[in-house]
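Dear colleague,

Please find the structure below, handed over for your review. My notes on selected residues follow it.

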Amino acid sequence: MTATSPRLKHEVKDLGLAALGRQRIEWAGREMPVLKQIRDRFAIEKPFAGLRLVACAHITTETAHLAIALKAGGADALLIASNPLSTQDDVAASLVVDHEIPVFAQKGEDNATYNRHVQIALDHRPNIIVDDGSDVVATLVQERQHQIADLIGSTEETTTGIVRLRAMFREGVLTFPAVNVNDADTKHFFDNRYGTGQSTLDGIIRATNILLAGKNIVVVGYGWCGKGTALRARGMGANVIVTEIDPIKAIEAVMDGFRVLPMAEAAPQGDIFITVTGNKHVVRGEHFDVMKDGAIVCNSGHFDLELDLKYLAAQAKEIKEVRPFTEEYKLKNGKSVVVLGQGRLINLAAAEGHPSAVMDMSFANQALACEFLVKNKGKLQPGLHSIPVEVDQEIARLKLQAIGITIDSLTADQIEYINSWTSGT
């Protein structure tokens, strides 16, 4: 049911869930001290006063803190979901009721509803877009060129979204600045590795309640997300196999102690398959055909295209839900394949996404990237821009300070040495 309010336009599942959402948002805030400090400063300085902002993100307790920080900074903010299965309905309700932030997101919304919400976001005529997968930016570029004049810039925090933005720039259609939040050190070193590693296994366990120890888990892709997933799977006692297309990453996986195989060889051996590549059909027909009876497949990349589910559905004589977010495809060859979370992000479809402590740094990057765009309005060239190094380091410094850790600093003599070429053996 779509809820309506006389004081605020929105589409959330049930405003009655707001009390639970408020409690969960408050709990997440305990481990988000960096974003809290940024929010407190924004509340005083109001860097976004008079600006319209759209955020297309997973509507989770952590995203709520980002939205609250941006509104505290004066933004006229509106939120939509970046994935049909990632919304936490109680959080969406609390943002509407407790913070008067328009939210258009419901867990389980169909593609038509999702696409309609993208259009609603663009109807807000944003000056800043906070994107997660680049759907809003891509729709703007394809369908609403006349609104680009309103745009100061956008931010993007997924590998998938960055790939799309680079393709747009190559084709000459990215005519405004976009900040690459994904590649900030305080994002991908931690969010992608530790966040994805833990939350992916959390989603698999919640969906299936299976024992991971002793299982053959195939991790498809050994980028930062793959590294974290493989490391955590090994920590749970699994036998981890890695598949890769990049020879350097493949060597790294070998050096890290994992078996590295082509997917054709890994497919008959795996009990569980986890895709984290950001590419299309990395598990496809010839792989499904040779999998063990009862093999489990899931995806922790941004889009559900990593698994060729159309092929799998065409080969199925029956598809049934055996547990929430767990579907068994009974195939014509007599075997079955189990798909988790409809092939969408398993850590958000069946679990709660990344832990708050790691999203604290990711969303600190998003908030400061928005401020960077505003401070440099009219100065940045079209295309992708990195988070300034000093911003990245400040986020790390604030995080260390919040958890009570101090580090060394260079002496004057050391600074002179590393900036000189005359000293040597």
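In this predicted model, aspartate 131 is buried yet takes part in no salt bridge. The nearest side chain of opposite charge belongs to arginine 164, 6.8 Å away, whereas a salt bridge requires a side-chain nitrogen of Lys or Arg within 4 Å of a carboxyl oxygen of Asp or Glu. Aspartate 131 is located in strand β4, which covers residues 128-131. A polar atom of its side chain lies 3.3 Å from the backbone nitrogen of valine 136. Not counting residues up to four places away in sequence, aspartate 131 touches Cys56, Val136, Val137, Thr155, Glu156, Glu157 and Gln366.

Aspartate 89, in helix α4 (residues 89-99), also counts as buried, at 13% relative accessibility. For aspartate 89 there is a salt bridge, formed with the side chain of lysine 13 (3.7 Å, N to O). This pair links distant parts of the chain, 76 residues apart, with lysine 13 placed in the segment before α1 (18-29). Lysine 13 is partly exposed, its relative accessible area being 31%. The side chain of aspartate 89 also reaches the backbone nitrogen of lysine 107, at 3.0 Å. Neighbours within four places in sequence aside, the residues in contact with aspartate 89 are Lys13, Leu17, Ala105, Gln106 and Lys107.

The count of salt bridges comes to 22. Two further pairs may be of interest to you:

- Aspartate 123 and arginine 144 meet through their side chains at 2.8 Å, N to O. Arginine 144 is buried, with a relative accessible area of 13%.
- Arginine 39 and aspartate 40 form a salt bridge in which the closest N and O atoms are 4.0 Å apart. Arginine 39 is partly exposed at 21% relative accessible area, and aspartate 40 is likewise partly exposed at 35%.

Finally, I turn to the surface. Leu410, Ile415, Tyr417 and Ile418 make a nonpolar patch of about 430 Å². Why does tyrosine 417 count as exposed? Its relative accessible area is 52%, and exposed means over 50%. Tyrosine 417 is placed in helix α17, residues 412-418.

With kind regards

Conventions
Residues numbered from 1 in each chain as written. Predicted model: local features only at pLDDT ≥ 70, side-chain atom pairs only at ≥ 80, totals over all residues. Heavy atoms only, no water. Patch = residues over 30% accessible without salt bridge, like charges linked within 9 Å, V, L, I, M, F, W, Y side chains within 5 Å. Areas by Shrake-Rupley, 256 points an atom, 1.4 Å probe, with all protein chains shown as cover. Helix = DSSP H or I, 4+ residues; strand = E, 2+ residues; numbered from the N terminus. Buried < 20%, exposed > 50% of the residue type's maximum accessible area, 1.4 Å probe, protein only. Lys, Arg positive; Asp, Glu negative; His and termini not counted. Polar contact = N/O pair within 3.5 Å; in protein donor to acceptor, adjacent residues only side chain to side chain. Contact = heavy atoms within 4.5 Å.
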